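Reader: I would like to go through this model by question and answer, with the cut-offs stated.

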Amino acid sequence: MKPLRVGLLGLGTVGRGTVDVLRRNQEEIRRRAGRGIEIVAAAVRDVGRARAWVGDAIPVTDRPQDLVRAPDVDIVVELIGGCEPARELVLDAIAHDKHVVTANKALLAHHGNEIFAAAQKMGVMVAFEAAVAGGIPIIKALREGLTGNRIEWLAGIINGTSNFILSRMRDTGASFDDALREAQQLGYAEADPSFDIHGTDAAHKLSILSAIAFGVPIRFDAAHVEGIADLAAADIRYAEQLGYRVKLLGITRRTPAGIELRVHPTLVPAKRLVANVEGAMNAVVVKGDAVGATLYYGAGAGAEPTASAVVADLVDVTRLHTADPEDRVPHLAFQPDALVPQPWLSIEDTVTSYYFRILVSDRPGVLADIARILADFRISIDAMFQREPAEGENRTEIIMLTHEARERDVNEALRRIEALDTVLAPVIRIRQESLS
Ligand code: HSE
């Protein structure tokens, strides 16, 4: 059988990884896919640089608009990232009857619904395993392996850069800036690292996972997003003393009132496996009603781990190329006419536990005042300690863990606590999840 012909948009880190993996494992891949997979063209911004790397093996152009329409291309692999021109090129490829494989989480988070609708209409596939958690086959697991379950929630470390920074800060006491620089040197960070440290990249990935888990359209705009840029080393240390690790988690949960979709630093009990995921590694915990909790772990970025997911998608597309479109796995796991929009919960309606760090004057009655306000809002204290003030110092920090409370109540209680004249700074608050 003739090989399937691939056009690559982008020959950066992941593009080169894809070329290398396809070349190195071509025999194995042919045996799995039933036919060869051949890269017949690549479109790049800098043709000279690409030719210097690839030689004559792959024809290179700087006209991606031609590649997505080329009659000798069956599958377009989009690895350029960002929303434009990626959206336009992907839609054009679909309109020209090409299947698409993409690693572009921002594109799918913002325009996935439009892209999948266009693909459905044309009867082509859009595969995107590489868009979430790099080499971990989490899309495959959710879309296929867990289809017998009603998914209850999932929580993931899905931004390797943030996890790397948090690990370095905890292990070596490195400053946030030094750890970020190191992550950039190692190639984990996005071109714009603010997407990593402010939680945007994790929220892109989470909104895709949430849609597949619950059979809802992708709603990036419904996500509550906080990053790690404001985390202090002191909180990482105190959390440790209380038996917790601080992780940037993406959490999506089905509740009777609607779907939670949130990314924020989170205290996780140190005994949980996911709390021990270090460096740039990613992990996702998925809780299904039948299977219980399952954990998926691996490299979330990097040339070959991401290429592993791209090539797996190429094999899938190759196998299903001739299948009736109605018989393929639906893009978002549920049949397109069975995607049901749900209410998305505002963060104020979220119920979770909290860590507070409160800087106070070291005077009688301070703790009683704080405890009274918390009691007024039905916020129950789970654990607490007070840092011993240094010699001659008349201020100290109270560290508290609470039982579950509604965020709206917590916000109001903290406003009142911060208004006390014995409370000297805004209260530091980090949400806590038991993930049990
Ligand atoms: N910047 C991303 C991360 C790369 O740190 O996880 C993979 O999406």
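Reader: Is Arg387 buried, partly exposed or exposed?

Author: This is a predicted model, in which local features need pLDDT of at least 70 and side-chain atom pairs count only at pLDDT 80 or more, while totals for chains, interfaces and linings use all residues. Residues are numbered from 1 along each chain as its sequence is written, and side-chain values use heavy atoms, with hydrogens and water left out. Buried means under 20% relative accessible area, exposed over 50%, and partly exposed in between (1.4 Å probe, protein chains only). Because its relative accessibility is 26%, Arg387 counts as partly exposed.

Reader: With which residue does Arg387 form a salt bridge?

Author: A salt bridge is a side-chain nitrogen of Lys or Arg within 4 Å of a carboxyl oxygen of Asp or Glu. For Arg387, the closest N and O atoms of the pair are 3.7 Å apart. The partner is partly exposed, at 30% relative accessibility; it is Glu393.

Reader: How many residues apart in sequence are the parts tied together by Glu240 and Arg170?

Author: The side chains of Glu240 and Arg170 meet in a salt bridge of 2.9 Å, N to O. Helices (H or I, at least four residues) and strands (E, at least two) are DSSP runs, numbered from the N terminus. Glu240 lies in helix H12 (residues 233-241) and Arg170 in helix H8, so the parts that the pair ties together are apart in sequence by 70 residues.

Reader: Which strand holds Glu152, the salt-bridge partner of Lys287?

Author: The closest N and O atoms of Lys287 and Glu152 are 2.7 Å apart. The pair links distant parts of the chain, 135 residues apart, with Lys287 in strand E11 (residues 281-288). Glu152 belongs to strand E7 (residues 151-157).

Reader: How far is the side chain of Lys205 from an oxygen atom of the ligand?

Author: A polar contact is a pair of N or O atoms within 3.5 Å; within protein, one must be able to donate a hydrogen and the other to accept it, and residues adjacent in sequence count only if both atoms are side-chain atoms. A polar side-chain atom of Lys105 lies 2.5 Å from a ligand oxygen, and a backbone N or O atom of Gly160 lies 2.7 Å from one. For an N or O atom in the side chain of Lys205, the distance is 2.8 Å.

Reader: Is Thr306 buried or exposed?

Author: Thr306 lies in helix H13 (residues 303-320). A polar atom of its side chain is 2.7 Å from the backbone oxygen of Gly302. Because its relative accessible area is 7%, Thr306 is buried.
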